[in-house]
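These are my notebook entries on one protein structure. I record what I looked up, in the order in which I looked.

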Amino acid sequence: MRGANAALEKRYAPVGVIISGLDVVRKLKIGEPPVNPDKMTRVRMLSDIPEAERPQVEIMDTASSQFQTVLDAVRKDKGADFSACDVTIPSKILNAPAVATAETPAPPPAK
């Protein structure tokens with residue numbers, strides 16, 4: 001899913017968040033089925049990356065007053081249309097490795 005879906009509100013829980021490469025995800029062709037669909041050649045779960053290569057991610061504490069400020073701003077902006085899907089928990093990669101983009105494909109896997 002690439003956007004909010006009111007029919008799923010309060011009926012599902014997200015199981016992951018894209019922390020790197022969201023620009024690539026947003027460029028994927030859409031449709032049912034998409035014409036000439038894009039092919040993902042490499043998708044990695046953080047837990048599957050060897051610990052020595054794993055990026056260090058800092059995530060804002062959702063119990064903090066700083067997060068409450070973020071939440072309040074989104075609620076104010078969205079008004080009656082507010083959904084939990086509208087809230088992005090602020091995070092940053094502290095030791096960001098080079099990331100492939102649509103213009104710069106990932107190198108082939110090591111053999």
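**Entry 1: the chain as a whole**

I began with the contacts in the protein chain: among those with a separation of 6 or more, 56% join residues 24 or more positions apart. I note here that the model is a predicted one. I then looked up the secondary structure and found two helices and two strands. Read from the N terminus, the order of elements is α-β-α-β. The chain has 111 residues, and 8% of them count as buried. I computed an accessible surface of about 9600 Å² for the chain, with 56% of that area on carbon and sulfur atoms.

**Entry 2: salt bridges**

How many salt bridges does a search of the whole structure find? The search returned three. I took them one by one.

Lys 29 and Asp 38 form a salt bridge through their side chains, with an N to O distance of 3.4 Å. I looked up the accessibility of both partners. Lys 29 is partly exposed at 43% relative accessibility, and Asp 38 is partly exposed at 37%.

Arg 44 is paired with Glu 53, and the closest N and O atoms of this salt bridge are 3.9 Å apart. The cut-off for a salt bridge is within 4 Å, so a distance of 3.9 Å qualifies. Arg 44 has a relative accessible area of 39% and is partly exposed. Glu 53 is likewise partly exposed, at 49%.

Glu 58 and Lys 92 meet in a salt bridge at 3.6 Å, N to O. Glu 58 belongs to strand S1 and Lys 92 to strand S2 (residues 91-93), so this pair ties together parts that are 34 residues apart in sequence. I found Glu 58 partly exposed at 42% relative accessibility and Lys 92 partly exposed at 47%.

**Entry 3: Leu 94**

I next looked at Leu 94, which lies in the segment after S2. Is Leu 94 buried or exposed? At 53% relative accessibility, Leu 94 counts as exposed, because the cut-off for that class is over 50%. Leaving aside residues up to four places away in sequence, I found that Leu 94 touches Gln 56 and Glu 58. Glu 58 is also the salt-bridge partner of Lys 92.

**Entry 4: a nonpolar patch**

Which residues form a nonpolar patch on the surface? I found Val 17, Ile 19 and Leu 46, which together have about 260 Å² of accessible area. Leu 46 is placed in the loop between helix H1 (22-26) and strand S1 (57-59). Its relative accessible area is 35%, so Leu 46 is partly exposed. A residue needs over 30% to be taken into a patch, so Leu 46 at 35% passes that cut-off.

**Entry 5: Ser 64**

Last, I looked up Ser 64, which is in the loop between S1 and helix H2 (65-78). Ser 64 counts as buried at 15% relative accessibility, because buried means under 20%. A polar atom of the Ser 64 side chain lies 3.1 Å from the backbone nitrogen of Phe 67.

Notes: Residues numbered from 1 in each chain as written. Predicted model: local features only at pLDDT ≥ 70, side-chain atom pairs only at ≥ 80, totals over all residues. Heavy atoms only, no water. Patch = residues over 30% accessible without salt bridge, like charges linked within 9 Å, V, L, I, M, F, W, Y side chains within 5 Å. Areas by Shrake-Rupley, 256 points an atom, 1.4 Å probe, with all protein chains shown as cover. Helix = DSSP H or I, 4+ residues; strand = E, 2+ residues; numbered from the N terminus. Buried < 20%, exposed > 50% of the residue type's maximum accessible area, 1.4 Å probe, protein only. Contact = heavy atoms within 4.5 Å. Polar contact = N/O pair within 3.5 Å; in protein donor to acceptor, adjacent residues only side chain to side chain.
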